[in-house]
Amino acid sequence: MLWYEMTGKENDVVVSSRVRLARNLADYPFGGRLNEPSALEIIEKVRGVFDGASGYSFTQFNMLSDTSRRAEADRHKVSPEFAAKKTPTALIESDEKQIYIMVLEEDHLRIQSIKPGASLSEAYAAALEADRMIDGKLRIAYDEKLGYLTHCPTNLGTGMRASVMLFLPAITATRGIRSLQDQLGKIGLTIRGMSGEGSSGDGCLYQVSNQITLGTTEEEIITKLEKICENIAEKERELRRKYFSDEKFNDKAMRAYGTMLYAILMDSVEMTKLYSDVRLAAALGMIDGLNVNVLDKMLICGMPGVLTEENENINTPTDRDRERANMIRRVLSGNAGA
Amino acid sequence: MLCEKCNKNPATVMYKENINGHVKSFALCAKCASELTEMTGYGKSVYSQGDSLGDVFENVNSLFGSLFGLPAQQVRRQTGEEKKCTLCGAAFAELVKEGKVGCPECYKVFAEELAPTISRIHGTGVHMGTAPERYKEGRERKEKIAELESKLKRAVEAEEYEEAAKLRDELRKLKSEEGDK
Ligand SMILES: [Zn+2]
Ligand SMILES: [Zn+2]
């Protein structure tokens with residue numbers, strides 16, 4: 001199952017957890033220096049590793065339509081940069097294990113696992129499993145001092161980027177993101193808004209990740225991130241109780257929920273705004289039986305790529321807004337509370 | 001080195017700007033660098049799945065010159081035109097221009113030239129994390145050798161010569177295995 005179809009731990013604050021390992025084959029150049037025959041050779045080699053491995057499927061990714069590639073990025077299975085590439089790329093995926101291996105992204109291999117809620121350790125374990133499968137069969141570029149060798153030196157060492165997606169409406173509203181950013185910077189972590197920092201239209205979603213990859217172990221990175229995210233979540237909850245448990249917010253959120261349930265046309269900016277208020281209210285238990293992960297699913301399914309892929313009859317922006325409103329109603333009515 | 005913009009955080013990125021052929025470069029911390037790219041509109045993909053910071057750095061490189069501190073011409077003078085990577089054929093000046101490394105072998109060929117950049121990004125640490133299977137045996141042996149060496153030193157200091165002789169034999173055996181590889 002895809003991460004947004006499941007209920008994760010701590011999901012009142014933690015939306016998803018992701019681990020990405022950068023790996024390269026020792027005998028091939030990186031990026032622009034890799035010619036097409038070599039690129040295809042790499043794809044064949046990696047395909048060979050997973051040939052017959054149960055649960056994994058292979059796609060020649062650059063052959064998919066623009067819409068499908070975009071949709072996979074919207075679902076957070078691949079990076080937007082990977083989705084945009086026209087040169088040979090491949091995706092080896094297992095929705096069941098929640099492992100997605102991008103072949104020929106910036107590095108030859110980017111092994112990625114994304115899981116719902118607070119589950120960094122689980123995501124790392126999954127990525128490591130795929131890493132070990134590859135390591136047994138291909139010669140991976142590695143140096144005893146520098147660790148895994150990567151196209152960009154920013155990824156040397158573990159080659160690992162671990163990130164946690166957090167929903168922080170209360171910290172955002174109380175203007176705490178800036179100071180959070182400063183504090184995280186001092187300990188080698190970073191926080192970034194998911195859709196243009198601090199803009200009122202965003203869903204109050206942020207990604208916290210490690211910045212340093214060399215000179216530290218994978219476990220240290222994971223433990224540190226887990227611990228910090230727990231602290232941030234506690235702070236967020238405290239502020240929610242203090243500023244958002246009143247009748248006034250309850251009223252605002254229920255109106256937003258009403259709009260979700262009854263709108264005929266919905267653009268993505270409005271959806272994201274409503275998402276934030278309704279998700280916060282649901283997390284505070286203001287909406288009977290509405291699970292926050294239903295809202296996360298709604299947000300992903302309302303992304304332009306996913307929406308267009310799943311509805312063949314979309315030709316105009318208005319068609320899209322209509323289908324989005326239909327989808328939202330469908331997703332919410334599949335939920336007991338609606 | 002401290003960030004030249006905020007003077008608070010350690011500088012990890014070399015940020016270059018080319019204004020009408022006049023190149024200015026600043027050493028920035030990750031935060032200030034990401035603010036700059038945010039201002040120029042890059043690294044802002046909606047619901048970006050990519051690494052937050054990684055991508056920002058990479059955008060900084062490709063857009064504004066390179067992560068590698070030195071201007072290309074200066075590098076050429078220092079390294080000479082001749083030195084080329086044995087696998088990908090790149091000269092160091094080309095890596096500087098591209099802001100990325102050409103292939104895994106480049107890290108060996110240009111180890112010296114790359115070292116300042118790497119320590120600017122990551123500090124002076126060496127890799128501590130997991131390793132490919134084929135390196136694990138060697139790594140365990142290295143750890144064992146280091147352990148025996150410190151034991152030997154202590155034994156000699158304590159004048160426990162019998163123990164020291166035993167340790168020396170063990171060390172010799174491990175080191176010869178290392179040589180076989
Ligand atoms: Zn700074
Ligand atoms: Zn090279």
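Which residues are the protein donors of the zinc ion (ligand 2)? In this predicted model, they are Cys85(B), Cys88(B), Cys103(B) and Cys106(B), each through SG, at 2.2 to 2.3 Å from the ion. Donors here are N, O and S atoms within 2.8 Å of the metal (3.2 Å for Na, K and Ca), with water not among the atoms. Along the chain, these residues follow the spacing C-x2-C-x14-C-x2-C.

Residues are numbered from 1 along each chain as its sequence is written, and chains are lettered from A and ligands numbered from 1 in the order in which they are written. Local features need pLDDT of at least 70, side-chain atom pairs count only at pLDDT 80 or more, and totals for chains, interfaces and linings use all residues, while side-chain values use heavy atoms, without hydrogens and water.

We turn next to the interface. Contact (heavy atoms within 4.5 Å) involves 68 residues of chain A and 52 of chain B. About 5100 Å² is buried between the two chains, 54% of it on carbon and sulfur atoms; this is the accessible area (1.4 Å probe) lost on putting the parts together, summed over both. Five salt bridges link chain B and chain A, each a side-chain nitrogen of Lys or Arg within 4 Å of a carboxyl oxygen of Asp or Glu. One salt bridge joins Arg132(A) to Glu133(B), with 3.6 Å between the closest N and O atoms.

Over all chains, the structure holds 39 salt bridges. Within chain A, Glu122(A) pairs with Lys9(A) at 2.9 Å, N to O. Because Glu122(A) sits in helix H4 (residues 120-137) and Lys9(A) in the segment before strand E1 (14-23), this pair ties together parts 113 residues apart in sequence. Helices (H or I, at least four residues) and strands (E, at least two) are DSSP runs, numbered from the N terminus.
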